[in-house]
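Hi everyone, thanks for coming. Let me put it on the screen.

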Amino acid sequence: MGFRLSDEHRAIRKAVREFGENEIEPVAREHDEEGSYPKEIIEKAAELDLLAPSIPIEYGGPGMDSLSSIIVTEELWRADPGIGSAVGSRGFGSDMIKEYGDEWMKEKWLPRIANGESACCSCISEPAHGSNVAGIETRAEKDGDEYVLNGDKMWITNGSVADVAVVMTKTRSNPENPHRGITAFLVPTDTDGFEPTKITNKLGIRASDLAEIKLDDVRVPEENIIGELNEGFYQLMDFFASGRSNVAAQAVGVAQAAIDAAVDYANEREQGGKVIKEYQAVSHKIADMAANTEAARSLTYRAASQIEAENDQLATRFASMAKLFASENAVDVADDAIQVFGGAGYVSDYPVERYYRDARITKIYEGTSEIQRNIISDQVL
Ligand SMILES: Cc1cc2nc3c(=O)[nH]c(=O)nc-3n(C[C@H](O)[C@H](O)[C@H](O)COP(=O)(O)OP(=O)(O)OC[C@H]3O[C@@H](n4cnc5c(N)ncnc54)[C@H](O)[C@@H]3O)c2cc1C
């Protein structure tokens with residue numbers, strides 16, 4: 001096992017850090033308060049190839065390795081989780097097109113996603129089925145050389161801004177093995193019957209788009225099946241490790257942002273005639289925040305290096321461990337940052353209350369903390 005940041009990794013971090021400081025941080029609070037989608041920042045991020053780092057060069061992307069993609073996510077979230085999410089999730093779901101799509105799908109959609117013209121969304125969760133993906137009920141029925149999709153998708157990132165959707169459906173009822181019988185479809189979002197409703201009452205990452213999507217007799221040609229009929233769940237499994245390590249990187253980024261803010265404040269705030277960092281209760285708290293976040297970062301990079309090495313079993317294990325540890329740490333660190341700020345941490349004059357709200361999602365999506373513990377315990381017991 002080993003990971004090393006190359007000069008190229010360090011250069012990517014520097015470029016994204018500068019982008020975050022110049023373009024994202026100054027408008028982060030405004031976008032959070034308004035819940036507004038950062039279109040202009042997305043256009044600028046496209047110029048730096050930050051929207052879908054893993055799309056290969058031949059399809060117009062930068063073709064970054066796993067560790068580079070992780071660093072991009074970490075730095076975007078360090079600048080601001082809400083805008084970082086909006087920028088970093090533009091290509092959400094496009095891995096399925098990249099790995100399993102037919103050539104026409106890749107040529108049509110991947111360049112547009114990479115250059116910012118189009119956004120993608122990944123429609124898996126439903127109102128009644130989240131953690132248990134195999135339980136999904138959205139149906140795709142064959143009708144001549146078309147399929148007709150009906151169902152309800154819930155909590156879909158980019159749901160109201162996406163131009164193309166990767167929709168997971170049931171194509172065969174198979175009570176004995178519900179995992180077999182799921183198929184992925186490519187659905188342009190301007191297809192009749194694709195009806196998103198934006199969700200606006202989120203706790204955090206408020207600049208990021210979220211929607212519920214009704215699929216009402218959505219017709220797509222048979223050629224829009226991504227990969228193999230009935231094999232969609234197994235295809236999806238290929239992306240669990242990269243998705244989870246990406247969320248771990250989000251968590252590391254927001255934790256680092258909270259630490260940065262706490263350090264600045266501890267250096268300037270005076271109480272009882274000295275700056276508060278002089279109180280060991282404060283300095284030790286920040287020491288713990290830094291040590292735990294560095295541990296989360298190491299685990300996250302280790303997961304990325306296992307993905308790069310295509311060591312599937314270790315990638316699954318480390319990605320779940322990284323996602324679990326980094327997300328729980330991010331919420332704890334953001335909470336501690338508020339404590340360092342005292343009353344000032346509880347209002348939106350400083351960003352730490354926002355980090356606290358934003359960090360919370362990392363314990364929920366891409367498999368909750370409880371699901372990660374199930375996966376880890378299955379591997380280690
Ligand atoms: C902001 C946001 C963005 C999202 N983006 C997307 C997206 O783009 N695409 C998409 O498809 N989905 C997306 N999701 C959905 C997300 O993946 C689900 O919310 C998540 O998987 C949990 O599912 P659930 O909400 O149905 O909770 P449930 O599965 O109902 O879980 C409720 C509780 O029960 C626990 N639980 C459930 N099953 C088990 C079990 N087997 N063992 C132990 N505990 C269990 C859970 O851990 C949780 O605490 C998003 C959600 C949010 C909030």
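So, here is my opening question: between which domains does the ligand lie? Keep in mind that this is a predicted model. Both domain 2 (120–231) and domain 3 (236–380) give residues to the shell around the ligand, so the ligand lies between these two domains.

Let's look at that shell. It has 18 residues around the ligand, and the closest are I124, G130, S131, T368 and E370. By type, the shell divides into ten nonpolar residues, seven polar and one charged. As for elements, at least two shell residues come from each of β1 (120–123), β3 and α13 (369–380).

Let's stay with β3 for a moment. Strand β3 (residues 146–157) pairs with strand β2 (residues 139–143) in the antiparallel sense, over five bridges. If you want to find the pairing on screen, look for A140, whose bridge partner in β3 is L149. The two strands form a hairpin with two residues between them, and G144 in the turn has a positive phi of about 65 degrees.

Now over to helix α9, residues 240–268. At 1.5 Å a residue, its 29 residues should span 42 Å, and the end C-alpha atoms are 43 Å apart, which agrees. Of those 29 residues, 21 are buried, so α9 is largely enclosed by the rest of the structure.

Finally, the whole chain. It has 13 helices and ten strands, and buried residues make up 51% of its 381 residues. The C-alpha atoms fill a box of roughly 80 × 45 × 40 Å along the principal axes. Thanks, and I'm happy to discuss!

Terms used. Residues are numbered from 1 along each chain as its sequence is written. This is a predicted model: local features need pLDDT of at least 70, side-chain atom pairs count only at pLDDT 80 or more; totals for chains, interfaces and linings use all residues. Two strands pair if DSSP finds at least two bridges between them. Helices (H or I, at least four residues) and strands (E, at least two) are DSSP runs, numbered from the N terminus. A residue is near a molecule or strand if its C-beta atom, placed from the backbone, lies within 6 Å of it. Ala, Val, Leu, Ile, Met, Phe, Trp, Tyr, Cys and Pro count as nonpolar, Asp, Glu, Lys and Arg as charged, and the others, Gly among them, as polar. Domain bounds come from an automatic or database domain assignment. The expected span of a helix is 1.5 Å times one less than its number of residues. A residue is buried if 20 or more other C-beta atoms lie within 10 Å of its own, exposed if 12 or fewer, and partly exposed in between; C-beta atoms are placed from the backbone.
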